[in-house]
Amino acid sequence: MKRLLSLSASVLISALAGCGEESDQLPVDGRDFDGVEYSEPATYTGKVIDGYLSNARVWLDMDGDSQYTAGPLVIQLDNGAEVTLPSGEPTTLSGAGGEFSLDVSELALDPETGPDLDPRNYSLYALALPGKTLEETRNGDVVIDSAFMMSAPAGIRNITPLTTLARYRALAGLFLSDSSNLAASLFDLNLVRDYMLAQDDRAHAYARALARFMASQFPPEYSKLLADTGSDGTEQFLSRQAAFLLGISMVQNSGDVIAVVDAAAQAGYANVDVDALVLPQVAVELSDPVLLTRQRIYAEPERSDTLPANRSDLLVSAELAFDYGEDGRLLSVSANGCLAPSMAELSRLIGVGGYMANLETQWLPSAALSPQSRINYEVAGTDERLVFDWNNQRIYFETATTCHDHESIFAGSTELGGNPEISYNWTMQDGGLSELIAQIPQPDGSMLTRTLEPEAVNASAGFPGYRLSEGGAEVASLVFTGSVQGCELEPDAVGADLVVSASQGYEFSGYESQLAGLAYEFDNREFEYPAQGDAFPVNRLLRYGFLDPAMSDLPRVEAGAGFEWVMYYPPVGGVGFLEGQPNHIGEAYLKKYSGARACGRKFEDVPSSAYARVEYSYKKLSEYLVGLLQ
């Protein structure tokens, strides 16, 4: 396993030590014990502190996976040579006063192989074991009943909640010189020292509250494993990314945790009852899913007055940003320009409780074709947004534009923040969506009501049918006429990146004119990936047609016989391909409906002209959360 270098202590000390009046007392940075620098290669000493913790599992994380790794462990040196540590990562249990001593004798190497491995180049970790780890208090030892994990920046030998905060702040690119509220709260604290020895009641109160917060996020299955009689804390459970997500979530919420402590410290920090504090409860999705974070929509013709236009002549008319909580649940969609809220798409999202990653194909494309979208886009700022209130089963749509006048959706103000232009609410039955209702205030004071009911007959997972009514009268419906049917591939389609390998017919009704030959077209093949003989399935929606009289009646839109969306995906194993989530759209085009097509064909190349093009951008949840901090 290749060694991952951590941020060095020399880079972090000045940023993390703080400037408090006690910052020159020993130990200053967690490395100096008894005033002597580390030099003895056989032992590496330090302390585990919440209060002082004994019987906590400690290890030197040499492979960077945030879990203890047993031997034999192979480490690759900077010179390319490999060395094997028979015992794995140095580990021990802490003793009285939280003190520990790691045997690092295996880090001494033959000079012909390379220089000794320096323990100061790696982060220390400590794991509090429920029912086994003891915290030293004024009233005696107290058994820790909730597991949590702490770490420290490389070279720091105090392992505390505050060193954990310091380490993950640094990994996220944050230092005490930034202007965040958290930095102001911690500016005069040395985050890496022994605050118990320094008798720093404020740092101790912060640390205990942060430890409680970390314990609240700790996976209960892992905690149960550690509580078992035979567990000694060496069991692996978390992935590298899961541990990183826990650390980043701690950074993201530490300001709120510290604010709770500050509010309770009116009689001094030594008197704060940390166990009685009401701390934030924040769930984290530890699988680190890939999520849709941005769409760029091109729907403004550059050299003509009408749509469709040559795809190279389409200008950006809107950018959509998708915002999430740490649990991967969608919180809002904000648009610079105009978005096109779709009740059918909202129903898909409601069906998975707002957890976008549970949709194999995240957020089917939509586009506002009004010229007002580009006009608003050219002025920086948010023009429209969808806000999700999952606990109360409500969604709110706000707009400050005239993009949706043709749909009887009128802006109540030229600024966001007032009463929403649409209020959605829904009901569930037998674990599924029963009804989605949109209430749209009208200029005359009346309320326009639109209702969507899912149509489950022959519907496949992730792509339900629906019936849409307005004022009690049905205005549109999508009803499948049969199940998904596979077909034999044409000779020139075999081995192509995108192939129509299955289709599902449907009827789209409710309007005077109808479209013939309607079908969802899918690529649902199995690929020999990642190795020959493997069976890797995909389920990619490629094309579907529909009518939209409100959109086709726009003055500059030449609609003809309806619209269709065509969608394109990265080739399996190619650039942009995501093995864990292979059904993510790369780009989509809105074009004229092209009628019934043969199943089994190689899917068409991107169209030469279109009403709109939509580009998709994705990030892992961990990347997204780090971006929020920077």
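Modeller: Residues are numbered from 1 along each chain as its sequence is written. The model is predicted, so local features need pLDDT of at least 70 and side-chain atom pairs pLDDT 80 or more, while totals for chains, interfaces and linings use all residues; side-chain values use heavy atoms, without hydrogens and water.

Biologist: Why is Q442 called buried?

Modeller: Buried means under 20% relative accessible area, exposed over 50%, and partly exposed in between, with a 1.4 Å probe and protein chains only. Q442 has 17%, so Q442 is buried.

Biologist: Which residues is Q442 in contact with, leaving aside its neighbours within four places in sequence?

Modeller: They are S408, F410 and L448, where contact means heavy atoms within 4.5 Å.

Biologist: How do you know that C338 and C403 form a disulfide?

Modeller: A disulfide is a pair of cysteine sulfur atoms within 2.5 Å. The sulfur atoms of C338 and C403 are 2.0 Å apart, so the pair counts.

Biologist: What is the handedness of that disulfide?

Modeller: The torsion about the S-S bond of C338 and C403 is about 70°, so the disulfide is right-handed.

Biologist: How far apart in the chain are C338 and C403?

Modeller: They are 65 residues apart and link distant parts of the chain.

Biologist: What makes C487 and C599 a disulfide?

Modeller: Their sulfur atoms are 1.9 Å apart. The link has -70° about the S-S bond and is left-handed.

Biologist: Why is C599 called partly exposed?

Modeller: C599 has 24% relative accessibility, so it falls in the partly exposed class. C487, at 27%, is also partly exposed, whereas C338 and C403 are both buried.

Biologist: How many cavities of 30 Å³ or more are there?

Modeller: There are two. On a 1 Å grid over the protein atoms alone, a cavity is a set of points where a 1.4 Å probe fits but cannot get out, and lining residues have an atom within 4 Å of a point. The largest cavity has a volume of about 150 Å³, a volume being the space filled by probe spheres set on the points, which are joined across faces, edges and corners.

Methods:
On a 1 Å grid over the protein atoms alone, a cavity is a set of points where a 1.4 Å probe fits but cannot get out, and a pocket is an open set with protein on both sides within 12 Å along at least five of seven lines; lining residues have an atom within 4 Å of a point. Helices (H or I, at least four residues) and strands (E, at least two) are DSSP runs, numbered from the N terminus.
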